Amino acid sequence: MKNGLLERLAAGPVICAEGYLFELERRGYLQAGAFVPEVVLERPEQVSALHREFVHAGSDVVEAFTYYSHREKLRVIGKEDLLEEINRNALALAKEVAEETGTLFAGNLSNTNLWDPEDEDSQRLVRSMFEEQVDWAVDAGVDFIIAETISHAGEALCALEVIASTGLPSVITMAVHRSGLTREGGSVLDACSRLSDAGADVVGFNCGRGPETMLPLLEGLASQISANVAALPVPYRTHAQQPTFQSLRDERRPERPFPLGLEPFTCTRWEIAEFTSAALDLGVSYFGVCCGAAPYHIRSMAEALGRTPEASRYSPDMSKHAYFGSDPLLRQQNLAYKDSL
Ligand SMILES: [Zn+2]
């Protein structure tokens, strides 16, 4: 019997790779815009392959790719009839890889884009959407359930209530926009405290912000809440003036870089490692990288936590580089030429 999420967190940090929408879009199997994961039906082998790559790189969790496969997103593309099939397929793909690799199998809820703090009808609708997705996840036998990228505290609490009713462990992570506040205009620290007090097992932040602008949100959080603290930034160089990846601007291009032109802002593997160490020092125990993550970011995170995932077999050894290396077998004529490259 494998250890569950809470046992693993008690023993040390847990890594959950994310970013399936962005990575499968880059690979040509998912359309940007609506960002609905029809790929789980159309090219399931591509989803399974990415699950395996993330585990190879160090992820302890295989998260079912049900992000944005909720009723509202499918309504927008006129395919609400696929709702159950897309969810059940995504769960089955993740379960298969989790079982073959001994990793945790997670269900997933995401922001619905429907929550209105002033409208109880919208809140009932959101709850029913969470309930149907959670039911499918429980049917599939998930180890725990993640609700992520939620920016209304009310919506996050609603997701937590639905997850908690199953008795499974919960991970609730909020996306914090430019204001640094919840969508209701409240303090995100207060929102995290409310989630923790309401019984969430893991609470924190995902998406929206890169390492530099997520770290300040984490300061003091671990000492304020009893839940484990989560941090899953996007791997982009956000900064104080442009704190979210949606707000980044590229001086060389007229278009908004989000979501199609973010490459010039991509964090290096060193920056992800530095973030990981800094977040660990702040008490974070549930790690990951969100939209934009590639397997090498996850490996870098794992190695910063002292791990050697399978992919570490191929971690860099620049001593053997023909021009920039130091190995005695290298040719001097090339080493002497390095600054002319
Ligand atoms: Zn994201």
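Ground rules first. As the model is predicted, local features need pLDDT of at least 70 and side-chain atom pairs count only at pLDDT 80 or more, while totals for chains, interfaces and linings use all residues. Numbering runs from 1 along each chain as its sequence is written.

**Helix α12**

I looked up α12 at residues 269-281; helices here are DSSP runs of H or I with at least four residues, strands are E runs of at least two, and both are numbered from the N terminus. Its 13 residues reach 19 Å from first C-alpha to last, close to the 18 Å expected, which is 1.5 Å times one less than the number of residues.

Which residues of α12 are buried? I found I272, F275, T276 and A279 (buried means 20 or more other C-beta atoms within 10 Å of the residue's own, exposed means 12 or fewer, with C-beta atoms placed from the backbone).

The face turned away carries the exposed W270, S277 and D281. Cover for the buried residues includes α10, β7, β8 and α13. After α12 comes G283, with a positive phi near 95 degrees.

**L30**

I then went to L30, in the loop between α2 and α3. L30 counts as buried because it has 24 C-beta neighbours inside 10 Å. Beyond four places in sequence, L30 is in contact with L21, L24, E25, P37 and V39 (contact: backbone-placed C-beta atoms within 7 Å). I also noted 9.6 Å between the C-alpha atoms of L30 and R43, 13 residues apart along the chain.

Methods. Two residues are in contact if their C-beta atoms, placed from the backbone, lie within 7 Å.
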